[in-house]
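Have the structure open as you read.

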Amino acid sequence: MTGHRERVMDVIPVDFTANLLIAVGWRTARIYDGGKGSLTVYNGTSGGVNPLKWGELESNMVHSFAKNPLDLAFRRPKMIFTEHPLMRNYWSTVSHLLPAYIFDMALRLVGKKPRLVRMFGKIHKAVACIEYFTTHEWDFPASNVGSMMHEMSSGDREVFYLDAREVHWPSYIENYCLGMKKFLLKEDLDNLPRARRHQRRLNIVRYAFNTVLLAVIWRFVIANSRLAGGLWHMVLNLVFKFVRFFRMTSSR
């Protein structure tokens with residue numbers, strides 16, 4: 001999807017938002033002056049004190065789903081940000097649309113209803129709705145929240161926790177992915193060992209397919225390019241010489 005990896009996404013856990021609403025009501029009631037003073041704005045944000053960048057979200061989500069894969073995933077969930085719409089369209093076509101059309105064609109051949117192309121169409125529309133936010137960032141000062149925290153008692157600060165500086169984003173994102181798996185997709189976390197085995201099989205298939213594809217492309221290039229063929233034979237010759245030298249030195 002289109003986005004800038006170095007832009008701050010400024011996310012905040014929902015329980016922080018609920019705690020902030022309660023705390024703001026308490027402070028407003030305590031300092032209310034009959035509406036004569038200025039309006040106080042409280043920004044429940046993390047960007048100014050504990051920023052999370054879109055690139056960090058990308059790497060942490062990939063790591064989380066590799067560690068805790070989905071039960072019957074067709075492919076491993078992956079997030080890639082690019083600043084160039086042309087590259088976005090390329091990856092959407094290669095990674096989404098082409099496999100979706102092939103899979104739907106296979107479903108038609110066995111008499112089942114195609115569904116993957118329509119599903120990816122919905123995903124692309126949803127992604128397009130948030131691309132404005134993945135390509136921009138804003139600065140929301142949270143100084144009023146900090147001042148309010150200092151006015152709260154230690155007990156209230158513990159019950160109505162508001163300190164976004166203490167959020168460990170890798171753990172938060174991993175729990176977020178587990179929550180999607182359990183509550184949104186209704187998958188049993190006890191099945192994680194089986195899901196990991198399924199993921200390893202998918203990885204083997206992916207590596208085998210990429211290897212075969214690379215070999216076919218390279219063979220085509222060698223067959224039609226004298227320079228590429230010469231380079232290929234030179235590399236093979238160097239490899240054989242290295243193996244021969246290694247055997248000679250190891251036998252001494």
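## A buried aspartate

A residue counts as buried when its relative accessible area is under 20%. Keep in mind that this is a predicted model. With that cut-off in hand, take Asp 163, which sits in the loop between α6 (154–159) and α7. Its relative accessible area is 11%, so Asp 163 is buried.

What does the side chain of Asp 163 pair up with? There's a polar contact of 2.8 Å between the side chains of Asp 163 and Arg 165. Leaving aside residues up to four places away in sequence, Asp 163 touches Phe 16 and Met 149.

Now jump to Thr 2, found in the segment ahead of α1 (14–31). Is Thr 2 buried or exposed? Its relative accessible area comes out at 9%, so Thr 2 is buried.

The side chain of Thr 2 also has a polar partner: the side chain of Arg 88, at 3.1 Å. Arg 88 turns up again among the residues that Thr 2 touches, once residues up to four places away in sequence are set aside.

## α2 against α7

On to the helix pairs. Two packed helices are described by the angle between their axes and the distance between the axes. For helix α2 (residues 54–67) and helix α7 (residues 169–184), that's an angle of about 55° with the axes 9 Å apart. α2 and α7 are therefore oblique to each other, and α2 passes α7 in a right-handed crossing.

Who's doing the touching? From α2 it's Glu 56, Leu 57, Asn 60, Met 61, Ser 64, Phe 65 and Lys 67, while α7 brings Pro 170, Ile 173, Glu 174, Cys 177 and Met 180. Sorted by class, this contact of α2 with α7 has seven nonpolar, two polar and three charged residues.

## α1 against α5

How do α1 and α5 sit relative to each other? The axes of α1 and helix α5 (residues 143–151) cross at roughly 75° and come within 11 Å. Angles from 65 to 115 degrees count as roughly perpendicular, so that's the label for α1 and α5.

On the α1 side, the contact is made by Leu 20, Ala 23, Val 24, Trp 26, Arg 27 and Arg 30; on the α5 side, by Val 145, Met 148 and Glu 151. By class, the contact of α1 with α5 splits into six nonpolar, no polar and three charged residues.

Technical notes
Residues are numbered from 1 along each chain as its sequence is written. This is a predicted model: local features need pLDDT of at least 70, side-chain atom pairs count only at pLDDT 80 or more; totals for chains, interfaces and linings use all residues. Side-chain values use heavy atoms; hydrogens and water are left out. Axes are lines fitted to C-alpha atoms, for helices over the stretch in contact, and angles run from 0 to 180 degrees between N-to-C directions. Helices (H or I, at least four residues) and strands (E, at least two) are DSSP runs, numbered from the N terminus. Angles under 35 degrees count as roughly parallel, over 145 as roughly antiparallel, 65 to 115 as roughly perpendicular and the rest as oblique. A crossing is left-handed if the near helix is turned anticlockwise from the far one by less than a right angle, and right-handed if clockwise. Contact means heavy atoms within 4.5 Å. Ala, Val, Leu, Ile, Met, Phe, Trp, Tyr, Cys and Pro count as nonpolar, Asp, Glu, Lys and Arg as charged, and the others, Gly among them, as polar. Buried means under 20% relative accessible area, exposed over 50%, partly exposed in between (1.4 Å probe, protein chains only). A polar contact is a pair of N or O atoms within 3.5 Å; within protein, one must be able to donate a hydrogen and the other to accept it, and residues adjacent in sequence count only if both atoms are side-chain atoms.
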